[in-house]
Amino acid sequence: MTEEPKATLSAPPAGARCAIHPALDAQATCQGCGNPMCASCAEQGAVAICPACRQRTFETGPFPYTREHWSLDGLLSLCLSRFKAHYRVLMLVCGVGILATWVIAAAGILITFRLDPSHGTHLGKHGALFLQGFANVVQTLCQLGCELLAIGVSLDVLEGRPTGVDAALARLRRFPAAVLQLAVIYAGVAALAGLLYVLVRVVVSSRATAASLPLLVLGAAIVAVPAIYAGLGIMFALPELMHEPASSPLSALQRSFQIASGKRWAVFGIALLCGLIGCSGLLFCCVGVFATLPLATLLYCALFLTLKNHTPRGQSESANPYWHV
Ligand SMILES: [Zn+2]
Ligand SMILES: [Zn+2]
């Protein structure tokens with residue numbers, strides 16, 4: 001919130017008029033396009049870039065927000081501008097993912113139905129169960145691959161890198177690491193579920209019927225609170241894995257915890273908002289998800305970048321024109 005801006009602005013040529021407001025005298029020169037700007041365009045000397053350049057960089061420039069400087073309003077308008085500027089590649093990548101997930105889910109249901117022992121199959125109950133499990137694993141892996149693609153393209157769009165099919169497919173290099181990371185997360189979930197199971201068994205076997213229900217609720221809360229805490233902590237593990245090509249599954253999990261640390265309410269709120277945006281597409285005969293899912297992914301990745309980036313030490317607000325957008 002310091003005021004020390006005017007020193008960074010370059011003076012306009014003598015007698016120059018504002019490029020956007022020709023009736024007004026120019027007070028500074030835009031450092032983006034070189035056009036003269038009036039006091040209002042330069043926000044009384046607070047910004048060094050004209051509104052047109054700000055709008056343009058807002059659509060395609062580097063990611064503007066940091067952990068110290070961001071707002072939900074800013075994130076939403078940034079995601080909307082970037083979505084408008086890159087909707088084709090975003091919708092293509094997410095759309096392929098959605099379609100693949102649907103197809104595999106349908107195939108899984110069909111296989112399960114066809115192999116149902118009551119329909120006279122020769123596989124038997126165990127064979128059918130095995131095939132169903134196999135279908136689930138394939139679906140999970142396919143979904144993970146699609147998530148990698150969607151997150152990778154979203155990060156490219158948000159950080160102003162060129163996007164394309166090649167760049168998107170190159171992202172799949174992180175697939176083995178992502179599978180390993182998912183296995184670690186599943187192991188954690190299984191451990192928590194095991195803990196809950198043991199708790200339930202203990203409560204049920206204690207036969208203290210009057211006290212058992214509150215005890216069970218207490219037990220569930222004891223498991224649920226750290227589960228939600230840890231769940232919010234690992235929310236950025238996949239984007240981190242994509243963002244840092246050299247990171248390992250475990251180091252990305254650890255870094256995700258650091259990124260979410262101290263910001264869990266913001267993460268919780270925006271995760272909820274992403275879920276709402278993503279699901280709102282289902283209201284429009286399901287096809288809406290082809291637009292709302294990429295937008296939700298963009299917002300999720302934008303939050304990741306915001307909380308990961310730090311404002312350089314000693315940099316004043318005037319150094320970053322986006323903070324005024
Ligand atoms: Zn300009
Ligand atoms: Zn002007």
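Buried means under 20% relative accessible area, exposed means over 50%, and partly exposed is in between, with a 1.4 Å probe and protein chains only. This tour uses those words throughout.

The model is predicted, so local features need pLDDT of at least 70, side-chain atom pairs count only at pLDDT 80 or more, and totals for chains, interfaces and linings use all residues. Residues are numbered from 1 along each chain as its sequence is written, chains are lettered from A and ligands numbered from 1 in the order in which they are written, and side-chain values use heavy atoms, with hydrogens and water left out.

**Stop 1: the zinc ion (ligand 2)**

Select the zinc ion (ligand 2) and display its donors, meaning N, O and S atoms within 2.8 Å of the metal (3.2 Å for Na, K and Ca); water is not among the atoms, so sites may look incomplete. The donors here are SG of C18, ND1 of H21, SG of C38 and SG of C41, at 2.0 to 2.3 Å. Along the chain these residues are spaced C-x2-H-x16-C-x2-C.

Why is the arrangement around the zinc ion (ligand 2) tetrahedral? The four donor atoms subtend angles of 102 to 114°, and four donors count as tetrahedral if all angles lie between 85 and 135 degrees. Under the same definition, four count as square planar and six as octahedral if opposite donors are over 155 degrees apart and all others between 65 and 115; anything else is irregular. Ideal angles at a metal are 109.5 degrees for four tetrahedral donors.

C18 is buried, at 3% relative accessible area, whereas H21 is partly exposed at 31%. C41 is buried, with a value of 3%.

Stay on C41, which lies in the loop between β2 and α1. Helices (H or I, at least four residues) and strands (E, at least two) are DSSP runs, numbered from the N terminus. Show the contacts of C41, where contact means heavy atoms within 4.5 Å. Leaving out residues up to four places away in sequence, C41 touches C18, I20, H21, V47, I49, P51 and R54.

**Stop 2: the zinc ion (ligand 1)**

Move to the zinc ion (ligand 1). Its protein donors are the SG atoms of C30, C33, C50 and C53, lying 2.2 to 2.3 Å from the ion. The four donor atoms make angles of 106 to 115°, and the site is tetrahedral. The donor spacing along the chain is C-x2-C-x16-C-x2-C.

C33 sits in the loop between β1 (28–29) and β2 (36–37), and C50 in the loop between β2 and α1 (51–60); the pair links distant parts of the chain, 17 residues apart. Is C33 buried or partly exposed? C33 is partly exposed at 36% relative accessibility, while C50 is buried at 5%.

**Stop 3: M37**

Next select M37, in strand β2. M37 is buried, at 1% relative accessibility. Its contacts, not counting residues up to four places away in sequence, include C18, a donor of the zinc ion (ligand 2), and also C30 and C50, donors of the zinc ion (ligand 1). M37 also touches A48, which is 11 residues away in sequence and 9.2 Å away in space, C-alpha to C-alpha.

**Stop 4: H86**

Go to H86 in helix α2 (residues 72–115). H86 is buried, with a relative accessible area of 17%. Beyond residues up to four places away in sequence, H86 touches E59, T60, V157 and T163.

**Stop 5: aromatic rings**

Display Phe, Tyr and Trp (its six-membered ring): rings pair if their centres lie within 6.5 Å, and planes under 30 degrees apart count as stacked, over 60 as edge-to-face and the rest as tilted. How many aromatic pairs does the structure hold? There are five.Among them is F236 with F304, a tilted pair at 5.9 Å centre to centre and 40° between the planes. F236 lies in the loop between α6 (209–233) and α7 (237–243) and F304 in helix α10 (residues 289–308), so the pair ties together parts 68 residues apart in sequence. Both F236 and F304 are buried.

Then select W265 and F268, an edge-to-face pair at 6.1 Å centre to centre, with 90° between the planes. They are three residues apart in helix α9 (residues 264–280), and are therefore separated by about one helical turn. W265 is exposed at 75%, and F268 is partly exposed at 36%.
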